[in-house]
Amino acid sequence: MPHDGHDHGSLEVPPDGWKHSGVRVIPGDKLDTNTAQTPGMNRAAAINLARVGAQKIWAGTVHIHANAKTGAHHHGPLESVIYVVKGRARLRWGEALEYVAEAGPGDFIYVPPFVPHQEINALEDETLECVLVRSDNEAVVVNLEIEPAEQPENVPWIDPIHKG
């Protein structure tokens, strides 16, 4: 390989010179719905091991229909980040889904490993559209049978770094 004067770390430049093994743009209309699903939502994979060779992340979209909710589930040892693009998300979590918080467009939601949770579309007339990123290249979904608490407790987020 010719040396271009730049240090690319320990990874050798691939034979294609990064042409097809470098940056990939996945068109929004080419996502893969053949991924783990939970009743009440539609997940579609954009980035994973099978599609682009991702080693440490999974990314895609989630749509929850108007006035719909998912079944309770968790994602095993994976961390999840949900970014709300459109609509209003209501998240319930806990052993009896006893806690609740809401998020709107521009908000991020963090779901730690093994936390039982449920996504709810808080709007009756608009699809909830989100972007989802997980900390592994495979979609782990464990669907749960939970009898939800009658009145969940609202839990506002407190910034541990900038307590005010």
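Modeller: The UniProt annotation "domain: Cupin type-2", from an unreviewed entry, covers residues 61-132. The model is predicted, and in it the end C-alpha atoms of residues 61-132 lie 6 Å apart. The span is 51% strand and 0% helix.

Consider two of the strands, β5 (residues 89-93) and β6 (residues 99-103), which pair in the antiparallel sense over 5 bridges. Within this pairing, Arg92 stands opposite Val100 in β6. The two strands form a hairpin, with 5 residues between β5 and β6. In the turn, Gly94 has a positive phi of about 115 degrees.

Strand β6 has a further partner: it pairs with β11 (residues 153-154) in the parallel sense, over 2 bridges. Here Tyr99 stands opposite Glu153 in β11.

We may now turn to the core. The largest nonpolar core has 16 residues, and of these Val84 and Ile109 touch the most other members. Two or more residues are given to this core by each of β1 (41-47), β2 (58-64), β4 (80-86), β5, β7 (108-111) and β9 (128-134).

Leaving aside residues up to four places away in sequence, Val84 touches Ala89, Ala103, Gly104, Pro105, Gly106, Asp107, Ile109, Leu128, Glu129 and Cys130. Ile109, the other residue named for touching the most other core members, is therefore itself one of the contacts of Val84, contact being heavy atoms within 4.5 Å.

How values were computed:
Residues numbered from 1 in each chain as written. Predicted model: local features only at pLDDT ≥ 70, side-chain atom pairs only at ≥ 80, totals over all residues. Heavy atoms only, no water. Pairing = 2+ DSSP bridges. Helix = DSSP H or I, 4+ residues; strand = E, 2+ residues; numbered from the N terminus. Core = buried A, V, L, I, M, F, W, Y, C linked by side-chain atoms within 4.5 Å. Buried < 20%, exposed > 50% of the residue type's maximum accessible area, 1.4 Å probe, protein only. UniProt positions renumbered as here; feature names shortened; annotations may be inferred.
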